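The exercises below are to be worked with the sequence and the model open side by side. Each task is followed by a solution in steps.

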Amino acid sequence: MVSLQPLTNPKTSPLYCHPFSPKTLKNKPKTLTVHSLLQYNRKPQLAGETPRVVVITSGKGGVGKTTTTANISLSLARLGLSVVAIDADVGLRNLDLLLGLENRVNYTVFEVLNGDCRLDQALVRDKRWSNFELLCISKPRSKLPLGFGAKALVWLVDALKGREEGAPDFVLIDCPAGIDAGFITAISPANEAILVTTPDITSLRDADRVTGLLECDGIRDIKMIVNRVRTDMIKGEDMMSVLDVQEMLGLPLLGVIPEDTEVIRSTNRGYPLVLNRPPALAGLAFEQAAWRLVEQDSMKAVMVEEEPKKRGFFSFFGG
Ligand SMILES: Nc1ncnc2c1ncn2[C@@H]1O[C@H](COP(=O)(O)OP(=O)(O)O)[C@@H](O)[C@H]1O
Ligand SMILES: [Mg+2]
């Protein structure tokens, strides 16, 4: 059975009845299908004005921005929302690989800006979820196209808003690492941000710096995803807990993603984790995060527990 233990004092933390709460789990059979718990038996209510333009950023490289973009995008599409994901990591484009769409990218924004094709020709529609489209800025290993900058990306997003078939519900922008020109360009059209961090000091320092830059740019709606969390290491005090991370960054929490070898497997297969059935734990965590993104919900207190020797990772929230 899955074990759930609060990190905060359960007596002072009134839990509402979340699907992962002990109350809900109490009556479940041993072989519960976690997936059925995740589905809230209703459609999420889309909060905020659409399209919601969300940049996925971190400062540090390799913390999981592209993995987050791929999995959140497809989770949103599976919830019935229309999504365009923009790979703004120009030099190291790999969102197409994670999505298994690399052979379908014939045109990029580079060709659109050159006048060689229309915008809709550069949008790659996913055959699995037709309400998901991918847009790449340029060919892999190429430099930032001449003249491509903040203004061009803002123009692109405006063009997406004005499409004949209507504006998408979400535009997700996969941001490059660092805080230079590529970062400034990627954040320019966004009005919200997902900050991805791992619970280590270097990633946190970069995340803190990036938070300041986002706020300077007028992006005040910043939620964080803590990725690659290992409860065994947290227990052994070899890793910062999610609450520590929350205290350090002071940002609302969108999701906690466990370290999961399935993530690496899915990356190499070009088949996003959230499409796996039965779902992997990290896939479930991404689905939950997508749900909260839609409803503008976030966690106030996180509880993470894992039973020794058994593969279980759950987080839930209260307050
Ligand atoms: N939760 C996770 N568990 C295990 N591996 C992960 C997890 N998240 C990301 N990774 C791996 O980390 C590497 C970097 O992820 P990526 O999304 O490309 O980072 P970024 O876009 O920030 O550079 C990839 O090989 C990916 O499979
Ligand atoms: Mg990346």
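Two residues are in contact if their C-beta atoms, placed from the backbone, lie within 7 Å. This is a predicted model, in which local features need pLDDT of at least 70 and side-chain atom pairs count only at pLDDT 80 or more, while totals for chains, interfaces and linings use all residues. Residues are numbered from 1 along each chain as its sequence is written, and chains are lettered from A and ligands numbered from 1 in the order in which they are written.

**Exercise 1. The chain as a whole**

Task: How many helices and strands does the chain have, and what percentage of its residues count as buried?

Solution. Step 1: the secondary structure comes to 13 helices and 10 strands. Step 2: 45% of the 319 residues count as buried. Step 3: among contacts with a separation of 6 or more, 75% are between residues 24 or more positions apart.

**Exercise 2. The annotated binding site**

Task: Which residues does the UniProt annotation "binding site" cover, and where do K60 and G64 lie?

Solution. Step 1: the annotation, from an unreviewed entry, covers K60, G61, G62, V63, G64, K65, T66 and T67. UniProt positions are given in the numbering used here, feature names are shortened, and annotations may be inferred rather than shown by experiment.

Step 1: K60 is in the loop between β1 (52-57) and α3 (65-78), and G64 is found in the loop between β1 and α3.

Step 2: K60 is buried because 20 other C-beta atoms lie within 10 Å. G64 is buried because 22 do.

Step 3: apart from neighbours within four places in sequence, K60 is in contact with A177, T202, S203 and D206. With residues up to four places away not counted, G64 touches V196, N227 and R228.

**Exercise 3. The shell around ligand 1**

Task: Which residues come nearest to ligand 1, and why does ligand 1 lie between two domains?

Solution. Step 1: a residue is near a molecule if its C-beta atom, placed from the backbone, lies within 6 Å of it. Of the 18 residues around ligand 1, G64, K65, T66, T67 and V263 come nearest. The elements giving two or more residues to this shell are α3, β7 (221-229) and α12 (261-269).

Step 1: Ala, Val, Leu, Ile, Met, Phe, Trp, Tyr, Cys and Pro count as nonpolar, Asp, Glu, Lys and Arg as charged, and the others, Gly among them, as polar. The shell has 6 nonpolar, 8 polar and 4 charged residues.

Step 2: domain bounds come from an automatic or database domain assignment. Ligand 1 lies between domain 1 (64-190) and domain 2 (200-319) because both give residues to its shell.

**Exercise 4. Backbone exceptions**

Task: Which residues does each cis peptide bond join, and what phi do R228 and Q296 have?

Solution. Step 1: most residues other than glycine have a negative phi, and most peptide bonds are trans.

Step 1: the bond from T50 to P51 is cis, with omega near -5 degrees; P51 is in the loop between α2 (34-38) and β1. R277 and P278 are also joined by a cis bond, with omega about 0 degrees, and P278 is in the loop between α12 and α13.

Step 2: R228, not a glycine, has a positive phi of about 60 degrees. R228 is in strand β7 and is buried, because 21 other C-beta atoms lie within 10 Å.

Step 3: Q296, not a glycine, has a positive phi of about 55 degrees and comes just after α13. Q296 counts as partly exposed because it has 16 C-beta neighbours inside 10 Å.

Notes. Helices (H or I, at least four residues) and strands (E, at least two) are DSSP runs, numbered from the N terminus. A residue is buried if 20 or more other C-beta atoms lie within 10 Å of its own, exposed if 12 or fewer, and partly exposed in between; C-beta atoms are placed from the backbone.
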